[in-house]
Amino acid sequence: WRAVDCISDLHLHPAEPATFDAWRAYMAATPADAVVILGDLFEAWPGDDVLGADAFAASCAAVLREAVLQRPVYFLHGNRDFLVGDGFARATGVRLLADPTVFALAGRRWLLSHGDELCLGDTEYLAFRAQVRAPAWQAAFLARPLAERQAYAQSLRAESEQRKRSGRTYADVDPGAALAWLHAARADTLVHGHTHRPGDHALDGGHQRITLTDWDLAARPPRAEALRLSASGARRVALA
Ligand code: OKV
Ligand code: MN
């Protein structure tokens with residue numbers, strides 16, 4: 001591969017059609033040899049059976065099915081779409097990755113993650129995460145009727161909107177934890193999303209942490225970007 005694109009935090013939702021349209025256009029046209037989605041592609045995901053019940057989810061799957069005819073598409077989970085599963089992978093052709101995953105490209109090792117697990121200051125969220133990532137919790141949750149799971153997803157959305165409105169802030173990635181992950185993976189650069197604080201950060205020992213932007217085509221100015229990894233390094237490609 002010569003170029004691999006990373007995108008994250010599109011938070012696709014039927015109420016934001018401009019973001020969906022930009023994503024669809026990007027997926028059809030990117031010159032990258034592979035696309036890696038670093039989580040929070042969807043604003044909410046109540047389980048893969050939503051694909052048969054919800055027209056918007058089905059439209060997103062159709063975009064992915066087209067895209068994988070051109071190039072492999074990889075996905076790792078965000079904090080919103082942690083219930084994306086094997087049914088989604090089968091229905092779309094997208095390949096699911098563990099978080100974090102190392103990508104070796106042109107002699108460099110890139111560590112790809114959503115980033116939520118590294119925000120050590122978000123202790124309440126990390127407790128929630130440990131609960132909902134447990135296989136037993138997921139099996140019990142997915143056994144409930146879809147309508148009930150959709151209502152739960154809606155209550156989580158409302159809770160996080162309320163938190164935003166109240167001005168409470170989220171923690172950022174812990175630099176020590178990021179460096180520990182990089183060392184364990186023998187990787188040079190960490191690429192992640194989640195925090196919606198795009199930036200390039202130098203870490204000890206010549207390591208680097210690159211944070212992707214979220215996408216919002218309805219914002220002024222609009223935001224959308226891919227990080228293109230190649231032999232010449234990492235380059236931000238503006239898509240809005
Ligand atoms: C995670 C999903 C947001 C899915 C809320 C109690 C309470 C924790 C919370 C923690 C997680 C929201 C608030 C998030 C998943 C969404 C929207 C859709 C799976 C409660 C404990 F009080 F509401 F019950 N959380 N976060 N969604 O990470 O933002 O579809 S979140
Ligand atoms: Mn996130």
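Trainee: How far is an oxygen atom of ligand 1 from an N or O atom in the side chain of Asn79?

Mentor: We call a pair of N or O atoms within 3.5 Å a polar contact. Here an oxygen atom of ligand 1 lies 3.0 Å from an N or O atom in the Asn79 side chain. Another such pair puts an oxygen atom of ligand 1 at 2.9 Å from a polar backbone atom of Trp45. One caution: this is a predicted model, where local features need pLDDT of at least 70, side-chain atom pairs count only at pLDDT 80 or more, and totals for chains, interfaces and linings use all residues. Side-chain values use heavy atoms, without hydrogens and water.

Trainee: Which residues come nearest to ligand 1?

Mentor: A residue is near if one of its heavy atoms lies within 4 Å. Of the 14 around ligand 1, the nearest are Ala44, Trp45, Asn79, Arg80 and Ala153.

Trainee: How much of ligand 1 does the protein bury?

Mentor: Accessible areas are Shrake-Rupley values with a 1.4 Å probe. Alone, ligand 1 exposes 630 Å², and the protein buries 76% of that.

Trainee: Which helix gives the most to the shell around ligand 1?

Mentor: Helices are DSSP runs (H or I, at least four residues), numbered from the N terminus. H6 gives the most, with six residues. Helix H4 (123-132) and helix H6 (146-165) are the elements giving two or more.

Trainee: How do the shell residues divide?

Mentor: Asp, Glu, Lys and Arg count as charged, and Gly is among the polar ones. The shell around ligand 1 has seven nonpolar, three polar and four charged residues.

Conventions:
Residues numbered from 1 in each chain as written. Chains lettered and ligands numbered in written order. Polar contact = N/O pair within 3.5 Å; in protein donor to acceptor, adjacent residues only side chain to side chain.
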